[in-house]
Each structure stands twice: as structure tokens, then as C-alpha cells.
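Biologist: Got a minute to go through how the helices and sheets pack in this one?

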Amino acid sequence: MAEFFKTKRRKMSSSRDGDENEAVTNFREYLRIPTVHPDVDYSKCVEFLLRQAQSLNLPSNIYYMAPGKPIVVITWLGQKPELPSILLNSHTDVVPVYSEFWTHDPFSAHKDKNGNIYARGAQDMKCVGIQYIETIRKYLKDKLVFDRTIHMLFVPDEETGGHLGMKLFVGSPEFASLNVGFALDEGLASSDDSFSIYYGERTLWHLQIKCTGTPGHGSLLHENTAGEKLQYVINKFMNWREHEKLRMETCKLGSGDITSINLTMVNGGCQINVVPPELTVSFDVRLSIAVDVTTIEKTVKEWCEEAGEGVTLEFISKSPFIQPTLISPENPWWVTFKNECDKMNLKTKTYIFPGATDSRYIREIGIPALGFSPINNTPILLHDHDEFLNEKTFLDGIDIYYNIIKSLASV
């Protein structure tokens with residue numbers, strides 16, 4: 001593999017010795033655009049992406065599923081456009097930063113002497129968006145042509161759930177016109193020499209349980225209080241959590257293989273010596289793909305009933321169960337993807353994604369999708385302080401995509 005990358009790198013090098021690789025320069029320019037929550041301004045990002053499309057001499061379109069939330073599509077038409085296309089998806093927004101905890105300005109794209117590029121979005125996921133662009137640039141330079149059309153998609157607001165971006169877009173006639181057959185989206189870095197591939201996601205629940213009861217003075221032992229009911233509910237959820245922790249440890253499972261349960265908010269009360277008439281507790285639950293969602297929901301409702309009268313369950317967010325993408329010989333997209341990884345001698349591991357990405361909306365409408373960021377031997381720093389990606393790792397990722405996307409476009 002080392003010789004493979006060495007050979008490919010000569011093709012990637014700048015025409016002027018000593019200059020920074022053009023792909024790296026584009027990456028750093030993209031990172032310097034602060035598309036950061038809250039209240040993201042996407043205007044400069046759109047300008048940058050349109051310039052990239054022009055540099056490739058490829059057509060682009062901008063769609064708005066919601067005001068101020070631009071979706072940019074850059075298209076390379078295939079020789080047989082009637083065939084289902086390849087979608088290369090990335091999101092343009094990034095999460096907030098605590099600048100005081102960063103070694104370098106999080107939007108400076110500082111590159112140190114080791115080639116580490118520090119910026120919010122370095123791993124999540126502006127690297128992938130530029131790697132797509134630079135991969136297509138190499139195809140055009142090499143005068144390659146493919147049967148299938150390739151669409152590069154840049155969506156907003158993934159970091160806040162994708163509700164004003166991909167979720168709306170997949171149901172639109174504009175998305176239908178793309179005729180997508182298969183999609184690539186983001187994955188995670190790997191801290192060892194392997195590359196992580198994600199073929200599905202857990203079912204996301206954000207739920208709130210409200211407990212009402214007898215109010216009164218804090219000096220009296222009232223019956224039927226909200227606090228007693230809250231305790232019952234919390235105990236049930238935390239026992240469930242302990243069971244999953246034990247299962248993870250004893251069975252050596254990954255984060256995406258188990259159900260995660262976390263108590264995230266407790267609200268209620270007005271004064272320390274007043275027994276409140278109402279208390280609420282909120283949980284973040286990510287259900288394993290191995291569980292029956294209907295059965296779990298029935299169990300949670302039973303816990304609320306057992307806690308006593310006046311206990312109600314409300315789903316703040318309730319994602320449906322979404323069938324994972326097949327990673328078996330029956331799926332030609334998977335076979336092609338894996339074969340190319342094997343040809344490059346890449347060590348790969350498959351996972352269920354522990355969090356949530358825009359891939360879930362793509363899979364929900366029946367399109368197979370894989371989450372893959374070609375980053376290994378790198379600490380996982382998405383949403384963390386001092387997020388960085390090494391220059392060489394970034395360039396190696398373009399070489400990896402070069403072979404994978406080429407084969408996918410010829411399936």
C-alpha cells in the first residue's frame with residue numbers, strides 16, 4: 001500500500017516544486033469559512049463551492065428547501081445518464097467551538113510542522129467534501145469517463161439533525177431528478193491502521209416523561225408526589241442503561257451495537273421547601289438495530305403506567321427504524337466498494353454508526369448508503385477541541401476515493 005500511495009502522490013503533486021498541494025490549499029480555504037452554528041451564514045460557502053464547480057467546468061444547482069439553507073449540487077454527467085447515479089454527500093455546517101480551549105484559532109486552518117491542519121470541520125466533514133471535488137478533478141485531468149452520473153451534494157444543517165436540509169431534500173422532486181442508486185456519506189476517523197465503514201444507524205429517540213403529583217410544604221411526607229414517580233421512572237431507565245453497559249463489556253461490543261440510554265435533563269420545582277406539582281425527566285436513547293422498536297416503546301409506556309397516575313410520555317424526536325444497507329454478496333454496491341478496498345490492501349472494519357448522520361434519510365427512502373471517511377491512525381476529534389487532520393492523511397484519502405468512486409461509477 002505504501003508504494004501505491006507513493007506512486008499516486010507523484011500525480012497529486014503541484015506543478016511548482018515547494019508549493020502546497022492545490023487540494024490542501026482548497027481544503028484549508030474551505031475550513032476558514034465559519035459555517036458554524038448557531039445562525040449559520042452559508043453565503044461564502046456557496047460562493048466557494050460554485051467556484052470549485054467552475055474550476056471543474058461542471059454544472060451546479062442551488063436548491064432551498066428552507067429559507068437560508070442552501071443545498072448545492074455539482075453534477076458530472078455520465079455516458080449513460082439513464083442509469084441510477086452515484087451520490088457523494090457531505091454537509092457544510094460545523095458545530096460550535098470553545099476557542100479558549102484550542103491551541104490555534106479554530107477557523108485559521110493552521111498547519112503545523114508535522115502537517116497537522118487544525119480547524120473545526122477538519123474531520124467532520126469538510127475534508128470529505130474537498131476530497132470528492134479533488135477526486136473528480138483528477139478524473140477530468142486523466143480524461144476518464146464513466147457510465148453513471150456522479151452528483152456531489154453539499155447540504156446544510158446536518159449538525160442540528162438535518163431537518164432543514166437532507167430530510168426535506170430527499171422528499172423533493174429535485175432529489176428525485178438526481179436518480180440516485182447509491183450514496184456515500186461521512187464516517188468516523190479510526191485511531192488504528194484500519195478504516196471504518198458504516199452501513200446503518202441506530203434508532204434515535206429523544207423523550208420526555210412528565211410526572212405530576214401532590215404539592216405541598218417540604219416538611220410533610222405527602223402521598224402520591226411527583227418525586228416518587230420520577231424516581232421510579234429514572235430507576236427503570238438507569239437499570240436498562242446498566243444492563244447495556246454490562247452487555248457491551250462482557251460481549252466486547254462497540255458503541256453502535258448496543259442501546260445507549262442517557263439521562264440528559266431534569267426540570268421542575270420552584271423553591272427548596274416546596275414539594276412541586278410537576279417534575280420532568282428527559283432521556284437520549286439510541287436503539288440497537290437488533291431490538292424490536294415496537295416492543296421497547298410498549299415497555300416504556302408500561303413503566304410510566306406503573307409509576308402512577310399523572311405520568312405521561314412525550315417523544316420530542318422519534319426516528320423510525322431504518323433498514324441498514326446490506327453488506328453481503330447480494331448488494332453489488334457493497335461488493336464493489338469492498339473489492340476496491342481489498343485491492344488497495346486497506347484493513348477495513350464495518351460498524352453501525354453510533355450517532356446520527358444524513359445517511360439515515362437516504363436509507364429511509366430505500367437507497368443503499370455507506371458512511372466512509374478515509375481517515376486512519378488519527379484520534380477521533382469530531383466536535384472536540386483541537387480537531388485536526390494530517391495533510392498526508394487527507395491526500396491519501398483522495399487516492400482511496402479515486403479507486404472506489406471510479407469502480408462505483410462503473411457498476
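**Helices, sheets and their packing**

Biologist: Left-handed or right-handed: how does helix 2 pass helix 3?

Modeller: Helix 2 passes helix 3 in a left-handed crossing. Left-handed is when the near helix is turned anticlockwise from the far one by less than a right angle, and right-handed is when it is clockwise. Bear in mind that this is a predicted model, where local features need pLDDT of at least 70 and side-chain atom pairs count only at pLDDT 80 or more, while totals for chains, interfaces and linings use all residues. Residues are numbered from 1 along each chain as its sequence is written, and side-chain values use heavy atoms, without hydrogens and water.

Biologist: And at what angle do the axes of helix 2 and helix 3 cross?

Modeller: Roughly 160°, with the axes coming within 10 Å; helix 3 is residues 43-56. Axes are lines fitted to C-alpha atoms, for helices over the stretch in contact, and angles run from 0 to 180 degrees between N-to-C directions. That makes helix 2 roughly antiparallel to helix 3 (under 35 degrees is roughly parallel, over 145 roughly antiparallel, 65 to 115 roughly perpendicular, the rest oblique).

Biologist: Which residues make the contact?

Modeller: N26, E29 and Y30 from helix 2, with C45, F48, L49, R51 and Q52 from helix 3. Contact means heavy atoms within 4.5 Å. By class there are four nonpolar, two polar and two charged residues; Ala, Val, Leu, Ile, Met, Phe, Trp, Tyr, Cys and Pro count as nonpolar, Asp, Glu, Lys and Arg as charged, and the others, Gly among them, as polar.

Biologist: Which strands does helix 2 lie across?

Modeller: Helix 2 (residues 22-31) lies across strand 4, strand 5 and strand 17, running at about 20° to strand 5. Helices here are DSSP runs of H or I with at least four residues and strands are runs of E with at least two, numbered from the N terminus.

Biologist: What's the strand order in that open sheet?

Modeller: It goes 4-5-17, with antiparallel pairing. Strand 4 (110-111) and strand 17 (388-390) are at the edges with a single partner strand each, so one side of each has no neighbour in the sheet. Strand 4 and strand 5 (residues 116-118) pair over two bridges, and two strands count as paired if DSSP finds at least two bridges. H110 stands opposite Y118 of strand 5.

Biologist: Switching topic: what does UniProt place at residues 199-309?

Modeller: An unreviewed UniProt entry has "domain: Peptidase M20 dimerisation" there; annotations may be inferred rather than shown by experiment, and feature names are shortened, with positions in the numbering used here. Over residues 199-309 the chain is 36% helix and 32% strand.

Biologist: Which strands does helix 7 lie across?

Modeller: Helix 7 lies across strand 9, strand 11, strand 13 and strand 14, at about 15° to strand 13. Helix 8 touches strand 9, strand 13 and strand 14. That open sheet is ordered 11-13-9-14, antiparallel, and strand 9 (residues 203-212) pairs with strand 13 (residues 278-287) over ten bridges.

Biologist: How do the axes of helix 7 and helix 8 cross?

Modeller: At roughly 150°, coming within 8 Å; helix 7 is residues 226-250 and helix 8 is residues 293-307. They are therefore roughly antiparallel, and the crossing is right-handed. The contact includes W240 of helix 7 and W303 of helix 8, and its residues divide into eight nonpolar, no polar and three charged.
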